[in-house]
Amino acid sequence: MKITLKKLLGYVAGLLAVVALFLPLAAALVYRKPVGNNEIVTTYTNLYGFIFGGEVTTQGASISGTVDLEGAVALPLVAWILLVLGTIGTLVGISFGCMKKARLANLAFLGTALVLIISAVLFFASKSALLTAVVGETLAENMAANTALGFGAIGTGIFAIVSAVSCVGSAILKK
C-alpha cells in the first residue's frame with residue numbers, strides 16, 4: 001500500500017483531531033494578580049469540568065481547593081461537541097479514502113475542516129464564559145484583565161485548526 005501526501009494529510013488530520021479531544025484535561029484558566037514585585041498565579045484546571053459541569057480544581061500559591069459548578073458552561077460545551085463531530089468527520093473522510101471514493105472523501109474533509117475551525121474559534125472565545133462560571137458575573141468583570149485562557153482551551157483550538165488545515169490539504173490535493 002503506497003501512502004501518498006493526500007492520504008498522509010488525512011491520517012494526520014485524524015490523529016490531531018483525536019489528540020485535541022484529550023487536551024481539555026489541561027488547565028482552563030490562569031489568573032495572574034500582581035502583588036508588589038511578585039505575581040500570584042491561580043490555575044483553574046481541567047477544562048472538562050467546565051464542559052460537563054462538576055468540580056474545577058483551583059491551584060495557586062495561597063489558594064487550593066475545588067469549585068463546584070452548577071452546570072455545564074454552554075460555549076465550551078458546544079465547541080467540544082463540534083470537535084467530536086469534526087473528529088468523526090475526519091475518520092469518515094479517511095474511510096471514504098480507503099474505499100476509493102475520492103469525491104466523498106474530499107467533501108467529508110472540507111466539511112470537517114469548517115466544523116473544526118468553528119470549534120476552535122468557540123474555544124478561543126470562551127474566556128469570559130469560563131470566568132463567569134467560576135467567580136460570578138460581578139467578579140468576572142474585575143478579573144478579566146488579569147485572566148488568560150489556559151492550555152486546555154488554547155491547545156485544543158490550535159490542534160483543531162491544524163487538523164482543519166490538514167483536512168483542507170488532503171481535500172485539495174489530487175494524489
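**Legends for close-up views of a predicted model**

View 1. T147 is buried, with a relative accessible area of 5%, where buried means under 20% relative accessible area, exposed over 50% and partly exposed in between, with a 1.4 Å probe and protein chains only. T147 belongs to strand β5 (residues 147-149), helices (H or I, at least four residues) and strands (E, at least two) being DSSP runs numbered from the N terminus. Once neighbours within four places in sequence are set aside, T147 is in contact with L29, V30, Y31, K127 and L131, contact meaning heavy atoms within 4.5 Å. Residues are numbered from 1 along each chain as its sequence is written, and side-chain values use heavy atoms, with hydrogens and water left out. Because the model is predicted, local features need pLDDT of at least 70 and side-chain atom pairs count only at pLDDT 80 or more, while totals for chains, interfaces and linings use all residues.

**View 2. The largest nonpolar core and L29.** A nonpolar core is a set of buried Ala, Val, Leu, Ile, Met, Phe, Trp, Tyr and Cys residues joined through side-chain atoms within 4.5 Å; the largest one here has 35 residues, and those with the most contacts inside it are L29, Y44, L47, F50, L83, F123 and L130. Two or more residues of this core come from each of α1 (5-22), β1 (29-35), α2 (47-52), α3 (74-98), α4 (102-124), α5 (127-135), α6 (137-143) and α7 (151-172), and the largest share, six residues, is that of α4. Neighbours within four places in sequence left aside, L29 is in contact with T42, T43, Y44, F50, K127, L130, L131, T147, A148, L149 and G150.

**View 3. The pairing of β2, β3 and β4.** Strands β2 (residues 38-45) and β3 (residues 55-60) run antiparallel and are joined by four bridges, two strands being paired if DSSP finds at least two bridges between them. Within this pairing, T42 has G60 in β3 as its bridge partner. Five bridges join β3 to strand β4 (residues 64-68), again in an antiparallel arrangement, and here E55 stands opposite D68 in β4.

View 4. Most residues other than glycine have a negative phi.

**View 5. The largest pocket and its lining.** On a 1 Å grid over the protein atoms alone, a pocket is an open set of points where a 1.4 Å probe fits, with protein on both sides within 12 Å along at least five of seven lines, and lining residues have an atom within 4 Å of a point. The largest pocket has a volume of about 370 Å³, the volume being the space filled by probe spheres set on the points, which are joined across faces, edges and corners. Its lining comprises 18 residues, of which T4, K6, K7, G97 and C98 lie nearest the centre, and α1, α3 and α4 each supply at least two residues of that lining.
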